[in-house]
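Q: Could you take me through one part of this model close up, namely how the helices pack around one another? I'd like the contacts spelled out, and then whatever else sits around them.

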Amino acid sequence: MSQFKSDLLRLLDERGYIHQQTDADGLDALAQKQVIPGYIGFDATAPSLHVGSLVQIMMLRRLQQAGHKPIVVMGGGTTKIGDPSGKDESRQMLTSEMIDENIAGIRTVFERLLTFGDGPTDAVMVNNDEWLSSLGYIELLRDVGPHFTINRMLTFDSVKLRLEREQPLTFLEFNYMILQAYDYLELARRYDCRLQMGGSDQWGNIVNGMELSRRMESRELFGLTTPLLTTADGAKMGKTAAGAVWLNEAQLPSYDFWQYWRNADDRDVGRFLRLFTDLPLSEIARLESLEGAEINQAKTVLANEVTVLVRGEDAARSAEATAAETFAGGGAGDDLPTLSVGREGMRIGAVLTAIGFTASNGEAKRKIAEGAVKLDGESVNDPGVLIEVEAGSEKKLSLGKKKHGVLTQ
């Protein structure tokens, strides 16, 4: 049983979202009395977020499910600068047009997972460029600057790591934490926002924003972070050998998205079902207790539930049907990744990398040497084999038991 009394913190606690809180009792009491507007900030550096951001998006969904108001803050202003958190090097600069296009792409996923509108618990999406770009430099130095000390800023992990590795941290990036703190103040002014949530690496930034708001306007605000999310084998969530697991269809086919969840480690199934689906906890307890081959049923449920939420029912149904046809019938379903090898054909090593099964030609050679690669069910042992496909026909490429694709001319 959860120790909390409010629906909000009970829900977050029981499903495994809570790592740190600034004042758990205060937030618990407030959540019982009123609708709490709460926010999470998201980068606008790419046209889609990836699975690593899904736990934060689901937190906003839980906030709304518990009767509170989610505020999605797109970092249009801060993306112009760059967040040093966990990064080893400066990020590339994007134009305003590129940032706007990225935000438009990212919004599509939020529209599936949150209810937007003008009601008291309806979600809103805002862009911090609205207030940051109009903020005068002298005004920022005069009003906000005195509340930050360089001594304290140097203690944050995001800054310390860069300095310890003797990697450059520009003055521009150093200002990022000040602007993020200012975001919280501005959201408190505009929306009476009382809660900022984020990953555990954002703890320092969240506390900064709370302290700035308290010093400048005596506001009582709250912070809550999630645990750092890694898979059971220690890998960072949302990263695979073939690259990031993007949430948007345009960046990653639905079959590959579905397969990512279907291929989850047995040890992760229960945790992922709690974090990334709306299934009742009693049903999740039943599914995670399955053993042996039966755990695959739970993985299929996980893949379907997450894909329905993020991509829609049609995408989930199609991906499951393709998987069933591929694995059971030896056929090639409609959703498998497809690669054209052209009239001249392609070497098998290049094919494996081009279709996204391996991250490099070196890895492709290793997989071929291990006997993990099959073409139309026959093992391929020579990395120099030329793959040719006749016009109008296709060949099925497999890497191990889990990766399948279709090759055409």
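A: Let's start with H1 and H3, whose axes lie 9 Å apart at an angle of about 145 degrees; axes here are lines fitted to C-alpha atoms, for helices over the stretch in contact, and angles run from 0 to 180 degrees between N-to-C directions. The H labels are DSSP runs (H or I, at least four residues), strands are E runs of at least two, and both are numbered from the N terminus. H1 and H3 make a right-handed crossing, where right-handed means that the near helix is turned clockwise from the far one by less than a right angle, and left-handed means anticlockwise. On the H1 side the contact uses Leu8, Leu11 and Leu12, and on the H3 side Met59, Arg62, Leu63 and Gln65, with contact meaning heavy atoms within 4.5 Å.

A word on what you're looking at: this is a predicted model, where local features need pLDDT of at least 70, side-chain atom pairs count only at pLDDT 80 or more, and totals for chains, interfaces and linings use all residues. Residues are numbered from 1 along each chain as its sequence is written, and side-chain values use heavy atoms, with hydrogens and water left out.

Back to H3 (residues 54-65), which also packs on H4 (residues 96-113), at about 40 degrees and with 10 Å between the axes. H3 and H4 are therefore oblique to each other; on this scale, under 35 degrees is roughly parallel, over 145 roughly antiparallel, 65 to 115 roughly perpendicular, and the rest oblique. H3 passes H4 in a right-handed crossing. Leu54, Ile57, Met58, Leu60 and Arg61 are the H3 residues in that contact, and they meet Val109, Phe110, Arg112 and Leu113 of H4.

Next comes H13. The axes of H3 and H13 come within 9 Å and cross at roughly 50 degrees, so this pair is oblique as well. From H3, Leu54, Val55, Met58 and Arg62 meet Arg274, Leu275 and Phe276 of H13. Leu54 and Met58 turn up in the H4 contact too, while Arg62 is also part of the contact with H1.

Phe272 and Phe276 both sit in H13 (residues 269-276), 4 residues apart, which is about one turn of the helix. Both are buried, meaning under 20% relative accessible area, with exposed over 50% and partly exposed in between (1.4 Å probe, protein chains only). Aromatic rings of Phe, Tyr and Trp (its six-membered ring) pair if their centres lie within 6.5 Å; planes under 30 degrees apart are stacked, over 60 edge-to-face, and the rest tilted. By this rule the count comes to 7 aromatic pairs.

Phe257 brings in a charge: Arg311 lies over the face of its ring, 4.7 Å from the centre. To count, NZ of Lys or CZ of Arg must be within 6 Å of the ring centre and within 35 degrees of the ring normal. Arg107 does likewise with Phe116, at 4.6 Å from the ring centre.

What about H2? In this helix (residues 24-33), Gly26, Leu27, Asp28, Leu30 and Ala31 are the buried residues. They pack against H1 (7-14), S1 (20-21), S5 and S6.

Asp192, in the loop between H10 (176-191) and S5 (195-199), has a positive phi of about 55 degrees although it is not a glycine. Asp192 is partly exposed, at 39% relative accessibility. Ser218, between H11 (203-217) and S6 (222-226), also shows a positive phi of about 55 degrees without being a glycine, and at 65% relative accessibility Ser218 is exposed.

Finally, one loop away from the helices. Asp382 lies between S12 (378-379) and S13 (386-387), and its C-alpha is 45 Å from that of Arg112.
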